[in-house]
Amino acid sequence: MQFHHHGYVSGDPRIQPAAGVGVDRPGELPEEVDVLIVGSGPAGMLAAAQLAQFPGITTRLVERREGRLAIGQADGIQARSVETFQAFGFAERIIAEAYRITEMNFWRPGTEDPTRIVRGGRAVDDEFGISEFPHLIVNQARVLDYFAEVAALSPTRLTPDYGWEFRGLAVADDGDHPVTVTLSGVGAREGEERTVHAKYVIGCDGARSKVREAIGCTMAGDRANHAWGVMDVLAETDFPDIRTKCAIQSHTGGSILLIPREGGFLFRMYVDLGEVPVDNAGAVRKTPIEEIIARANEILHPYVVDVRDVAWHSVYEVGHRLTDRFDDLLPESVGTRTPRVFITGDACHTHSAKAGQGMNVSMQDGFNIAWKLGHVLEGRSPESLLSTYSAERQVVAKNLIDFDKEWSSMMAKKPEDFADPAELEDFYVRTAEFPAGFMTEYAPSLITGAATHQQRAVGFPVGKRFKSAPVVRVCDTNPVQLGHLATADGRWRIYVFADRAPAGAPGAVTDLARWLETAPGSPLAATPADADADAWFDVKIVYQQLHSQVDINAVPSVFRPHVGPFSLTDLSKSFGIDPTADIFDERGLDRSGVVVVVRPDQYVAAVLPLTATDELAAFFAPILGRATARS
């Protein structure tokens, strides 16, 4: 964390000074906003926290509830999400309070007595070291609390506007604020009506989304045909793995997915309630908690669960559905205008809860659209950037649903239907990268280049998230994770991995540094003259030498920008290798040097040789605000 460069800070450095629209922010919902977010779920709160970093953008979030969420239904936090929490500054705190999954155990009917379940196998949660971050279990409400804190402490001082229900919207063909949204008050606001005019709207209002309905998107997919009871409980039990994640299959064909919860005592059970008759008409959703508990005990035999307290429970039917698009742009309108309304999370994709993907994928939806709106509204990028949201995230949602169908069907299988008793365990290990959140790979687009030079950085696949690795910062000799230094501040990252030449030596690195700093075609040239040199781009360099062999004064000045009102030199952007884990070896980096460009949402956008300045300029030219952008 960097601070003091704007003057001495004696308080909490996480509290950024109020700026732009955050100065004297009105308490009441204004009539005109730049972005209106509908719904304070994971996607909505992350989008709010990201947009709160843009001081000149008026963002408001409306929520039907009258206050914060107390008990969340989602709980699984994949490693990719923890990476995202790191970018927003609260990964360490949420890890400390969460339950950490390190193993998953698999129970199945015993061979000698099938009526008694036995432990059949154990699987390490991240056997292949996919991420340095853990797989967590924590109440969804706490995730929302952390994002709310980030937004409230950001320059715009963004806080949710509770007690407002979305009623409908209309999109005009023109005008500065073309989206007209109607809202009605709930609870203490009962009887109040409000009309808000917005430049853009993000619908984060769940599976029964009224925003989705308002823009005419349709959900399609499989009807639900299998029911599960889910309960968060405190209980006494002799089941030995009650504090370990487990997949449990019984001789009756019923299954349980056991998820220990944070705090050391609470746990969640997804209890198989079986096939749902076509004419059930939702009756299964009225299954009493007593029946769910009885069914759990039947599956767990010979072990017993004596439930002492039920924190929350529900019944749901597994269904897999996906919208035809993620924005308001009809096929016949493509090319005539850019989208104005976007939907995220359950509003556009629904699936089972057992793969732990819903909250995680929803948050990446919010991250994806929020930084793009920030860039367009600030004039950094043209409006064409917004069309990449639906194109990118719809593919991700489709892949998620395909994976969840397979996982859900395997969880519902009877033990005798498996060709091998270890089939479920093998599937869990084999597909670990997907539920960890790392299979997303964006196709070439306006903001993701072709993999022409991929062989120069095989460990940073273009289109996939930037996987961190250890380095040592030159200025203070601290070992750090390179990826952990990328905060959710809306900036593009340009990582220069140097050739073998020492710092300051004539050659490809110094030529690239000079071009970045002075050439009209450099992306850095788009940075406003009155902003810090690194306001739009965070440019870092990693040398092949140890930190002790790098002369900080010889490092080119583009990697030592002057920042803040006192024009202080930022020395934190130069690194040497970690002798215990050389990043060039760890990530398969070409020793002749390579440039890796990373998007504000942490996905690799381009891999280029040090000398490919023309290609770097051509990549950024259509992205930057040199084109006319609406403000």
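Which is Ala606, buried or exposed?

Modeller: Happy to! Ala606 is buried, because its relative accessible area is 4% (buried means under 20%, exposed over 50% and partly exposed in between, with a 1.4 Å probe and protein chains only). Before going on, please note that this is a predicted model, where local features need pLDDT of at least 70 and side-chain atom pairs count only at pLDDT 80 or more, while totals for chains, interfaces and linings use all residues. Residues are numbered from 1 along each chain as its sequence is written, and side-chain values use heavy atoms, leaving out hydrogens and water.

Back to Ala606: this residue sits in strand 29, which covers residues 604-608 (strands are DSSP runs of E with at least two residues, helices are runs of H or I with at least four, and both are numbered from the N terminus). Leaving aside residues up to four places away in sequence, Ala606 touches Val462, Val595, Val596 and Val597, where contact means heavy atoms within 4.5 Å. The C-alpha atom of Ala606 is separated by 26 Å from that of Pro339, 267 residues apart along the chain.

Now for some rings. The structure holds 24 aromatic pairs (rings of Phe, Tyr and Trp, the last by its six-membered ring, pair if their centres lie within 6.5 Å; planes under 30 degrees apart are stacked, over 60 edge-to-face and the rest tilted). In one of them, the ring centres of Phe85 and Phe147 are 5.8 Å apart and the planes stand at 70°, so the pair is edge-to-face. Phe85 is in helix 2 (residues 79-88) and Phe147 in helix 4 (residues 140-152), so this pair links distant parts of the chain, 62 residues apart. Phe85 counts as buried at 0% relative accessibility, and Phe147 is buried with a relative accessible area of 0%. The rings of Tyr200 and Phe342 have centres 6.5 Å apart and planes at 35°, so that pair is tilted. Tyr200 lies in strand 11 (residues 193-203) and Phe342 in strand 19 (residues 341-343), so the pair ties together parts 142 residues apart in sequence. Finally, ring pairs link Phe85, Phe88, Phe90, Tyr146, Phe147 and Phe367 into a cluster.
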